[in-house]
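Here is a short tour for anyone opening this entry. Keep the viewer at hand, and let us go through the chains together.

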Amino acid sequence: MSVDLEKILRPVDNPMPPFPPKYMTIASGEEMVIRQVSRDEIPDILPYIESLMHVERDFYDIVAARVYAELMAYYRHRVQDEYVLVAQIDGEIGAVVNGRMVNADVGMSLHTLALRRGLRIGAHAFAAKMEYHIDIMKQKEVLIVAESPIGFRRWMIEYNLEKRFDTPHELGGVPSWALTRELFDRARETLVVGRRPVPDKLLEKAYAAILPPSDPPTPPEDLLAATRSRYDSTGTALMAQRWRQEGKV
Amino acid sequence: MRQVYVIGIGITTFARLEYPLCEIAAYPAMMAMKDCGLSGVDHLYVANMGGGRVNHQTGLASAVVDSLSLTPAGAETIENGPASGASAIKQGFLAVASGLHDVVMVIGAERMREVNNLEVTDFIATLTHPLAEYIYGVTLPSLAGMFTRLYMDKYGVTARHLAMVAVKNQNNALLNDFAHLHQEITIEGIIDSPEALTNNPYVAEPLRFFDCCPVSDGGACVILASGDVAKRLDKPLVRLAGLGQATDTHTIHERQEPTDLLAVRRAAGQTFQMAGIKPADVDVAELHDAFTILEIVESEEVGFFNKGEGHLALERGETSLTGELPINPSGGLKGRGHPVGATGVAQAHEIVLQLRGDAGRRQVMDARIGFTCNFGGFGNNVVCLTFIRES
C-alpha cells in the first residue's frame with residue numbers, strides 16, 4: 001500500500017481574503033503599486049532576493065536569506081496561511097513583504113525587504129501589510145519583530161508598538177512586539193496611505209512582469225572593514241583597496 | 001601676507017563608511033597628494049567635531065599624520081563645531097600667508113554613523129547652550145524649525161520654497177558620484193501628492209524630512225601652498241583670495257532680530273573685502289544648507305539677494321545649476337551629505353573643482369570666482385571663503 005506523504009507534509013491553507021491592490025505616489029514622483037502575488041509568481045521574485053543574501057549591510061544578508069526561505073516554503077507548500085505582497089514601480093520590484101495568519105485574531109508579520117532605498121518604499125509596503133491584517137483580515141493584532149535598527153525605528157518607534165515579550169515570535173523565538181487595532185488607527189492618518197482602485201494601466205503593468213530592481217542594495221566595499229574599524233583606528237591597509245574599488249583616482 | 005593657493009584636493013564618498021575615522025581622514029589626503037604630485041607637507045590640520053565623543057578617537061591629527069607617513073610635520077586637530085572645516089582652512093591659510101610654512105594640508109573628517117541617529121542628534125545638540133537650551137531638549141532641528149516658522153511669517157517663504165531647495169540640491173547630487181543621496185525627488189512626491197505627508201513627514205514643524213540634511217560619514221582634503229610652490233605645478237591656479245569669520249550670541253533668543261544671521265553677513269563681508277570683490281562677482285557658491293531654509297537665508301545674508309528675497313530668486317531659477325548664480329552644485333549638505341567636521345573642506349573641494357573646470361556633469365560654465373559659507377552652531381560661528389581662478 002502506498003502512502004502519499006505529500007498529503008501529510010503539505011499544510012492545508014485556511015481561507016484568507018485577497019489584498020485589494022492600491023497605489024501611491026512616492027517621493028520621486030513615481031507611482032507605486034502594492035499588490036498580492038500568487039504562488040506562481042514566486043520564482044520570478046526569488047532571484048532578486050538571492051543576490052541580497054550576500055549584502056552584509058543593515059542586516060540585508062539575514063533578512064534576504066530568511067525571506068528566500070519563507071517564499072520558497074510558500075511556493076513549495078511548506079508553510080501555512082502565508083501571503084506575499086510586492087511593491088512595484090513601473091513594473092520594477094521595490095519591496096517584498098510577507099506574513100502569516102496565525103488564527104482569526106492574530107497575525108504574524110514575517111519580513112519587509114526594500115529593494116530600492118531612501119524613498120520610504122519599505123515603510124509603505126509594511127503599512128500595507130498591517131492594513132491587510134487589521135482592515136482586510138479583521139485581526140485584533142499583529143506580532144512583529146525587527147532584525148535591524150532601521151526596522152526597529154520604522155516599526156517599534158514610528159507605530160509605538162506594544163511589548164508582548166511573553167510571546168515568542170516565529171522569527172528566532174525572540175520576544176514579540178504587537179500592533180493592535182488601536183495603534184493602527186492612531187497611525188492611519190500619517191503612516192498608512194494609498195489609493196484604490198488602481199488605474200487599469202498601472203495594474204496591467206504591475207501584473208505583466210515583476211522587473212528586477214534598478215538600484216538594489218550593494219555589499220559594503222570591504223566585508224572586514226566594519227569589524228576592523230572597531231579595533232583599529234589607525235590602520236591604512238584598506239586604503240589602497242578602497243582606492244582601487246572606488247576607481248575614482 | 002603671501003598669497004595662498006589650493007594645489008591639491010581629495011574627497012571620499014559621503015555616505016555610511018565602514019572604515020575607521022583615521023582612514024576616512026587619510027584617504028582624501030592621499031588623493032590630494034596624488035592630485036598635486038607632492039609627497040610631503042610642512043604642516044597638517046585636521047578638522048573634526050566628534051571623534052572623541054562618537055568614535056572614541058582623540059588626537060586625530062597625530063594619528064593621521066603618522067598614518068600618512070608625514071611625520072615629523074606638525075599636526076593639529078581643529079574643532080569649531082560644524083564650521084571646523086573652514087576654520088582649519090583658515091589656519092592653513094594663516095600658516096602659509098605668514099610665511100611660516102610653504103605647504104599645508106587641511107583635512108576634514110567625520111564618522112557619525114558609528115552611532116545611531118538618536119545619539120548623533122544628541123551629539124550635535126551639545127553645541128547649544130548647556131543651561132539655556134540643551135537641558136530643555138533643544139536640538140538643531142528644533143532650533144531650525146522655530147527659525148523657519150519665524151522666517152515664513154516674516155518674509156512669505158512657504159513649504160514649497162523649502163521643497164524647491166531640497167529638490168534642486170538632491171537632484172544636483174545625482175550628478176556627484178561622491179554624494180550621499182542618489183535618489184531623485186520631486187515636488188509632486190514630497191509636497192503635492194496625497195501621500196506627500198507620509199513620504200515627507202514633519203521633523204520639526206514646519207521643517208520636514210527632505211528639508212534636513214542626512215547624517216553622513218566622509219572626509220575631504222585641500223592642500224594649500226605659497227605662490228612659489230603653486231606656480232611650479234601643472235595645475236590651474238586657484239587662489240584662496242579671502243576669508244572671513246564672525247560670531248554671534250550663543251543662544252538665539254539673545255539676538256535682537258532672530259531672523260537675522262549677522263555672523264553670516266559679517267563673515268561674508270570680510271571675505272569679499274579681503275578678496276576685493278562684490279557678491280555679484282561670484283560665479284558659484286556652496287552654502288551651508290543643513291536645513292533648506294538656511295540656503296535661502298544665507299543667500300540673502302551674504303549679499304547675493306536682498307533680505308527676504310532669496311526665495312524669489314529660487315523661484316526664478318537663478319540658483320539652479322544653469323541659473324545666474326548656481327548654489328550648491330555639489331548637492332550641498334542636503335544632497336552631498338554633512339559629516340560635520342568635513343563639510344567646510346568639502347565645500348572648498350567643490351569650489352576648486354568648479355574653478356578648475358573639472359566638475360564634469362555639474363560644471364558651472366566659466367566659473368572664475370567661488371564662495372563658501374560654513375555655518376557653525378546655529379549661526380554663532382561662521383567662516384566664509386572666497387576662491388579666485390587666476391589662470
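## Confidence

Chain B of this predicted model has a mean pLDDT of 96, and 100% of its residues reach 70 or more. For the model, the scores are ipTM 0.89 and pTM 0.91.

## Chain B at a glance

Chain B is built from 15 helices and 11 strands.

Looking at contacts with a separation of 6 or more, 77% in chain B join residues 24 or more positions apart.

## The sheet of chain B

Follow the strands across chain B and you will find an open sheet of 9 strands with mixed pairing, in the order β3-β2-β4-β7-β1-β8-β11-β10-β9. Its edges are β3 (74-78) and β9 (284-286) of chain B, each of which pairs on one side only. Neighbouring strands in this sheet are turned against each other by 25° on average, direction ignored.

For a closer look at one pair, take β2 (residues 43-47) and β4 (residues 103-111) of chain B, which run parallel and share 5 bridges. Within this pair, Leu44(B) has Met105(B) of β4(B) as its bridge partner. Helix α4 (residues 84-97) of chain B packs on the sheet and touches several strands, including β1 (4-11), β7 (217-226) and β8 (238-247) of chain B; its direction makes about 170° with that of β4(B). Helix α15 (residues 340-356) of chain B also lies across strands of chain B, among them β1, β9 and β10, and runs at about 125° to β4(B).

## Chain A at a glance

Now over to chain A, where the secondary structure comes to 9 helices and 8 strands. Of the 249 residues in chain A, 38% count as buried. Among chain A contacts with a separation of 6 or more, residues 24 or more positions apart account for 65%.

## Helix α3 of chain A

Which residues of α3(A) are buried? They are Tyr60(A), Val63(A), Ala64(A), Arg66(A), Val67(A), Tyr68(A), Glu70(A), Leu71(A) and Tyr74(A). An α-helix has 3.6 residues a turn, so residues three or four places apart point the same way. The cover over the buried residues of α3(A) includes α2 (42-50), β3 (82-89), β4 (92-101) and β5 (106-114) of chain A.

Helix α3 (residues 60-75) of chain A has 16 residues and spans 22 Å from first to last C-alpha, close to the 22 Å expected at 1.5 Å a residue. After α3(A) comes His77(A), with a positive phi near 60°.

Key
Residues numbered from 1 in each chain as written. Chains lettered and ligands numbered in written order. Predicted model: local features only at pLDDT ≥ 70, side-chain atom pairs only at ≥ 80, totals over all residues. Helix = DSSP H or I, 4+ residues; strand = E, 2+ residues; numbered from the N terminus. Contact = placed C-beta atoms within 7 Å. Expected span 1.5 Å × (residues − 1). Buried ≥ 20, exposed ≤ 12 C-beta atoms within 10 Å, placed from the backbone. Pairing = 2+ DSSP bridges. Axes fitted to C-alpha atoms, helices over the stretch in contact; angles between N-to-C directions. pLDDT = per-residue confidence, 0-100.
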